Amino acid sequence: MTPWALALRAADLLCVARGELGGLWLRARPGPARDALLDRLAPLEPRRCPPGITDAGLFGGIDLAQALASGRLVGRAGLLDTAPALLLPMAERTETGLAGRLAAARDAGGPVLVALDEAAPDEGAPPAPLTERLGAFAVLDGIALADLAETPPPPDLAAARAVHARARVPDALAAALVATAARLGIATLRAPRFAIAAARANAALDGRDEANEDDAALAVRLCLAHRGTSPPETEEEQEAPDEGTEDGADAPPDRTDADRGRDDGDAEGDGDAGADRLVEAARAALPPGLLATLRAARARRDAAASSGAGARTASAGRGRPLPPRPGRAGAGRIDAAATLRAAAPWQTLRRRAAPDDPRRLLLRPGDIRLARSERRTDRLVIFAVDASGSAAMSRMAEAKGAIEGLLSDSYAARDHVALVAFRREGAEVLLPPTRSLTQSRRRLRALPGGGGTPLAAALAEVADLADRARRAGLTPSLVLLTDGRANIALDGTADRARASAEAEELARGLGLPALVVDTGTRTAPALRALAAALGAPLVSLPRAGMEAALTELPR
Amino acid sequence: MTGPFPFTAIVGQDDMTRALVLTAVDPRIGGVLVMGDRGTGKSTAVRALAHLLPPIRAVADCPVNSARPADMPDWAEAADTRVVSRPTPVVDLPLGAGEDRVTGALDIERALTMGEKAFQPGLLARANRGYLYIDEVNLLEDHLVDLLLDVAQSGRNVVEREGLSISHPARFVLVGSGNPEEGELRPQLLDRFGLMVEVSSPRDIDTRVEVIRRRDAYERAPAAFLRDWKPAEAALRRDILAARKRIARLDTPEAALRDCAALCVALGSDGLRGELTLLRAARAAAALAGADEVGRDHLRDVAAMALQHRLRRDPMDESGSRTRIDRIVGEVFGPAPATAE
């Protein structure tokens with residue numbers, strides 16, 4: 001099935017299964033492909049739900065303009081009550097508050113949701129409470145106009161829905177889908193339910209009463225693949241550090257994933273050969289493209305997961321205002337429009353109380369609304385950790401302990417942290433900016449050691465990360481933990497002299513407030529030079545003075 | 001008539017269901033915080049519990065669910081003051097809800113159309129004598145958190161606006177849920193929750209299949225499913241009611257008080273609130289178990305959920321608070337089986 005046919009099928013499934021499938025997460029830029037797909041969703045009669053929608057718009061309320069004009073109460077129904085389906089444009093910018101409400105409404109049988117996610121690859125994803133409830137996922141990247149020509153005619157929905165009412169998924173197949181979700185490391189139990197619903201709807205679309213393995217395979221592709229992640233306790237620890245590297249550097253993906261599956265079976269040791277066979281059957285039925293999809297999706301999902309707190313800050317960087325709050329005049333910037341809106345309904349009442357007041361508008365202190373924008377601790381502390389063989393040999397454990405201490409401090413200050421590790425030939429971002437302590441801890445603990453010291457590559461990665469962080473409105477600073485014995489140049493060759501020179505040069509251009517922590521047994525001259533180039537204080541392990549130095553970093 | 005998914009049909013998640021039942025026995029325990037993965041039945045459990053609980057007797061038109069007409073706040077206008085049965089209220093507090101909606105505000109409709117001052121009660125009023133449920137509680141805006149802390153502390157909601165001064169009782173069991181990967185809770189809010197439990201998705205495939213199977217059965221034929229679970233629901237309801245009766249005359253021996261104190265000192269948990277919650281939860285556990293007095297078994301049973309969120313944070317502690325508590329409980333009380341009397 002081509003990506004385009006798959007996306008269309010996702011839309012058709014949603015039209016048939018509706019609430020059972022919950023919704024569609026559509027990752028696509030505006031364009032003819034997206035328009036064509038939205039046309040396909042027309043039977044759902046979706047209404048647009050702009051990201052800035054108010055409570056009154058969602059839940060209904062008073063039509064203030066009408067009410068003021070006519071002097072009587074004019075109500076307005078909310079989208080949640082009237083729309084059978086909601087279309088969320090720019091879903092990646094949906095506020096958590098709105099996402100929470102939509103999610104709650106969906107749980108209570110509210111409108112089916114179609115999220116139009118226009119995020120750039122490194123921008124994260126719509127809020128998790130929302131994506132959790134969107135059954136199917138489709139991507140429209142790389143779909144050409146020529147593909148659109150091959151659009152099959154829309155299905156006969158009335159017929160499909162009639163079959164759907166009596167269609168069922170055999171228990172064994174349902175169990176296989178549940179097991180597949182578990183194998184993919186998907187914690188939520190909504191996912192397998194969506195997969196079962198999708199399989200059932202797919203059977204119905206083809207006019208069958210009973211779902212078969214092909215339906216299940218399609219369901220896995222649409223409902224499970226994009227959620228795939230590894231169970232954190234087992235595989236991610238070993239897998240995570242490699243996740244960011246180029247695919248070519250890894251073992252062939254097919255083998256890795258198949259092995260992983262088998263390892264899982266052994267590790268769980270449930271001894272249920274029947275279930276295992278079902279899982280294998282489901283796995284064998286997976287479309288060939290799935291594993292690749294899974295890898296890509298997992299990388300994205302990692303980025304998305306880690307941006308739980310980060311994404312909100314990104315939106316702060318773009319200056320998204322928060323809803324105005326009541327406040328006192330002088331306590332902040334007054335939001336004039338909101339203040340007037342707050343005062344408007346009370347005019348009749350106040351006029352009655354003070355008929356002789358010459359003022360046209362009767363404002364009270366309680367009306368004052370202050371404009372707010374997302375303001376958080378904007379500092380991002382990037383920890384760049386030397387995980388090379390030389391560092392690992394000496395004081396890796398101590399360094400980890402020190403970072404954990406620093407992480408705690410950063411956490412206490414509500415800072416964001418990011419983790420960059422460097423070893424062997426390069427550096428990688430182990431953890432994009434986040435405030436989640438749980439994640440930082442997990443990633444740090446999984447940090448393996450060994451190999452050369454690609455210090456320059458690490459600094460390049462830090463510079464890159466810092467750039468992105470600045471764009472997102474964060475103020476980055478750097479804590480570099482290394483013994484300073486750089487021996488891998490930027491191009492990955494082992495050349496001690498060039499490595500040091502490159503590192504120094506990059507350090508000079510970095511322009512970040514920094515702190516260098518010497519993890520070596522005695523300070524290498526190159527490290528002194530590096531610290532000087534960074535303009536950073538140099539402290540050595542054990543942690544003496546490190547906390548103090550950290551607080552010195554500018555906010 | 002269909003109801004929510006039955007409480008007793010929830011597969012696994014013993015800690016969560018146990019904590020919720022304990023608060024149903026004694027609401028003064030002060031709420032439950034459920035942290036863990038999405039899609040593990042957190043909100044299902046809360047809604048199911050409310051349906052399981054016996055209905056409350058309340059004045060029909062009273063906005064704050066007063067038990068007797070005499071208890072109604074003076075601003076409340078009730079056309080119908082008969083005392084009727086109604087289900088235990090469960091009120092959702094949506095993220096990003098405005099303060100007006102939470103605390104209540106002047107009735108905009110009346111002000112606009114009739115120029116009258118009248119109070120329109122908010123979510124806190126509706127939650128009185130019931131449950132206030134906050135999903136994704138760790139994403140709640142700070143100003144709402146402050147407001148909730150204040151009300152939860154005092155049990156009263158006070159609104160001052162337009163020369164109107166309104167106050168009404170707002171006693172509710174606060175139930176929060178969230179996913180720790182998305183941010184942590186402020187310690188002040190953590191402390192307000194009586195019990196905290198962690199939930200995770202069941203690891204074992206059979207359990208997962210069973211969860212899906214029950215859910216599917218419920219959705220396919222809710223009436224039949226509810227009928228099948230009715231006896232179990234009724235039994236649990238009876239147990240809760242019996243425990244509520246028993247808890248009043250339950251003895252708390254001196255030894256249990258000393259045990260509570262010893263445990264809290266050994267754990268270094270802050271403040272007396274932990275000790276008090278521990279004792280209340282243990283009393284509820286004892287009452288549920290049909291015991292005549294609180295024993296070490298009951299304390300052991302509830303120690304983790306009552307205390308794990310009150311320990312001085314060591315954010316990087318490898319073992320996690322849970323293990324720490326289990327270890328210290330073992331040290332203070334001796335190994336588990338040995339204490340069986």
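Guide: Let us begin with strand β7 of chain B, residues 130-135, which is mostly covered: six of its six residues are buried. Please keep in mind that this is a predicted model. β7(B) has a partner in strand β4 of chain B, residues 90-92; the two run parallel and are joined by three bridges. One place to look is Tyr131(B) in β7(B), which has Val90(B) standing opposite. β7(B) also pairs with strand β10 of chain B, residues 172-178, again in the parallel sense, over six bridges. Tyr131(B) is a handy landmark here too, as its bridge partner in β10(B) is Val173(B). In general, strands of a sheet pair through backbone hydrogen bonds, either parallel or antiparallel.

Now step back to the chain around this strand. Chain B has 13 helices and eleven strands. Of its 341 residues, 48% are buried. Among the contacts in chain B with a separation of 6 or more, 73% are between residues 24 or more positions apart.

Arg18(A) has a positive phi of about 45 degrees although it is not a glycine. Arg18(A) counts as buried because it has 20 C-beta neighbours inside 10 Å, and 20 is the number at which a residue is called buried. Met90(A), in the loop between β5 (85-88) and α6 (96-107) of chain A, also has a positive phi, near 50 degrees, without being a glycine. Met90(A) has 15 other C-beta atoms within 10 Å, so it is partly exposed.

Another loop of chain A, between β12 (426-434) and α20 (437-445), holds Arg435(A). With 24 other C-beta atoms within 10 Å, Arg435(A) is buried. Its C-alpha atom is separated by 8.7 Å from that of Ala418(A), 17 residues apart along the chain.

Helix α12 of chain A, residues 213-224, is mostly covered, with ten of its twelve residues buried. Those buried residues include Asp215(A), Arg221(A) and Cys223(A).

Finally, look at where the two chains meet through a pair of helices. Helix α10 of chain A (residues 171-183) packs with helix α8 of chain B (residues 205-220) at an angle of about 125 degrees, their axes 9 Å apart. That angle is why α10(A) is called oblique to α8(B). The crossing of α10(A) and α8(B) is right-handed. From α10(A), Ala174(A), Ala175(A), Val178(A), Ala179(A) and Ala182(A) take part, meeting Ile205(B), Arg208(B), Val209(B) and Ile212(B) of α8(B). The residues of this contact divide into eight nonpolar, no polar and one charged.

Note on methods
Residues numbered from 1 in each chain as written. Chains lettered and ligands numbered in written order. Predicted model: local features only at pLDDT ≥ 70, side-chain atom pairs only at ≥ 80, totals over all residues. Helix = DSSP H or I, 4+ residues; strand = E, 2+ residues; numbered from the N terminus. Pairing = 2+ DSSP bridges. Axes fitted to C-alpha atoms, helices over the stretch in contact; angles between N-to-C directions. Parallel < 35°, antiparallel > 145°, perpendicular 65-115°, else oblique. Left-handed = near helix turned anticlockwise from the far one by under 90°. Contact = placed C-beta atoms within 7 Å. Nonpolar A, V, L, I, M, F, W, Y, C, P; charged D, E, K, R; others polar.
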